[in-house]
Amino acid sequence: MGGFLKRMVGLGLCALCAFSFLRGQEGSRPLNRILLIYDASNSMNARWQSASKMSISKRLIAEIVDSLSGLDNVQLALRVYGHQSHYPPLDCNDSKLEVPFSSDNAKKIIQVIKGLVPKGATPIAYSLTEAANDFPPCEDCRNLIILITDGIEECGGDPCEASRILQKQGIALKPFIIGIGKDFSNEFQCVGEYFDAADENDFVRAFEIVISQALNNTTAQVNLLDTDGSPTVTNLNMTFYDHVSGNVVYNYVHTLNYYGRPDTLTLDPLHVYDMVVHTLPPLRKDSIVVRTGRHNTIAIPAAQGNLLVSMKGSRASVTENTPCVIRKPGQTEIVNVQYINANNRYLAGKYDVDILTLPPVSLKNVEISPNKTTTIDLPMLGILVFKRNGSGYGTLYSLESEKEQKLVYNFSEDKSIETLYLRPGTYRIVYRSRYNLRTSATREKTFVLKPGATVDVNL
């Protein structure tokens, strides 16, 4: 085995062991399934350095497959295109899964590769589309594609769209492409990560990098920054989504280690991530790329403060069921619903607070400062007991002044007694019995309700 291949195997084994160890600390490690899509089109007959592209790549891929067979927790499969029909004519369906995924199938893959004869066209998009069926259902697998080709799409398909669909559906991660003999980076940059193999050494080196990226562990830390830019914020839930498919990849609860630094976590480097930190409101950072074999740092400002809506002395049965609706200024979307006497954390900033007492309290641009508690103090509610003989039609108004009254509550038409918890203030009840059909029979009562007091109104 050549020096490059030996180094590749060593890197792969070390990487997989480290990756397995770290993943093993967090739970069961996934099965790595690598689908090789191999170009056996007519152009592979062309000369490449010492021999044809086909003969050289056959030998190198056979050695690589043999080396990969020694890695734990890896399965291989082989799809070939351009090997069944001679060109011309153009057969754009000439693509076949020759060896499906299974354990210990390396010898079969090598045997098939050695027997290939270049014949036909280059249906790359069709091959990627068909590859969706090559991965059997699996709950805990990392599905990888390595495409080896010496040319670009010949059948009018769109490899970029085919790759995007594979990733969007969560079938496979972003493909690796190794181009033989010519630089096709412009054509394949939208398909996946491209590696140019100008010669034999480049080919093996490209495979070495691909396997390292596919199997290597990647560490990262998430710095949740306070107002000083220090990573002191912690104990928040974080979700990492695949940027293309939108699928959840990881859920973590952020921690600081014994040294007071953000703890190290492991991330699969083959994903591009969108991260959501579940603060109120949530923080989002999109298109995060982690570099293989490095310790990556992901930073996001996350300074928080507390909001307490306080009402001392009121019954818990009342305050615990009185919602306070929190929104960002000028927005309709609800950030959170908290209850009176509950202390909740929010990102530092300004908020609109609607406290749904009777009548409600609406406060604009309430400032929540980092590492401080903003307290909104409300007086105790009072109690109104409204009694009437039989049923009727009644409305409760709050009196802002003698010239302005605001509707607070419409009484039930059928109840003879109703009890309401109200904010202290001046109120007026307007009422008419259902059985008195004269408008002039309308009666009204004005009263003052003090904190913690009870007022009986009998009409």
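**View 1. The largest cavity holds about 30 Å³ of space.** The model shown here is predicted. One cavity of 30 Å³ or more is counted in it. The largest cavity is lined by Met311, Val361, Leu378, Pro379, Leu381, Arg423 and Pro424. Of these lining residues, 6 are nonpolar and 1 is charged, while no polar residue takes part in the lining.

**View 2. An open sheet is built from 6 strands.** Read across the sheet, the strand order is β5-β4-β1-β6-β7-β8, and the pairing is mixed. Strands β5 (95-102) and β8 (193-197) form the edges, each pairing on one side only. From one strand to the next, the twist averages 15°.

**View 3. Strands β1 and β4 run parallel.** Strand β1 covers residues 31-39 and strand β4 covers residues 74-81. The two are joined by 8 bridges. Ile34 has Leu76 of β4 standing opposite.

**View 4. Helix α2 lies across β1, β4, β6 and β7.** This helix spans residues 53-68. Among the strands that helix α2 lies across are β6 (141-149) and β7 (176-180). Helix α2 runs at about 170° to β1.

**View 5. Helix α3 lies across β1, β4 and β5.** Residues 106-114 make up helix α3, which runs at about 20° to β4.

Terms used:
Residues numbered from 1 in each chain as written. Predicted model: local features only at pLDDT ≥ 70, side-chain atom pairs only at ≥ 80, totals over all residues. Heavy atoms only, no water. Pairing = 2+ DSSP bridges. Helix = DSSP H or I, 4+ residues; strand = E, 2+ residues; numbered from the N terminus. Axes fitted to C-alpha atoms, helices over the stretch in contact; angles between N-to-C directions. Contact = heavy atoms within 4.5 Å. 1 Å grid on protein atoms, 1.4 Å probe; cavity = no way out; pocket = protein on both sides within 12 Å on 5 of 7 lines; lining within 4 Å. Points joined across faces, edges and corners; volume = space filled by probe spheres on them. Nonpolar A, V, L, I, M, F, W, Y, C, P; charged D, E, K, R; others polar.
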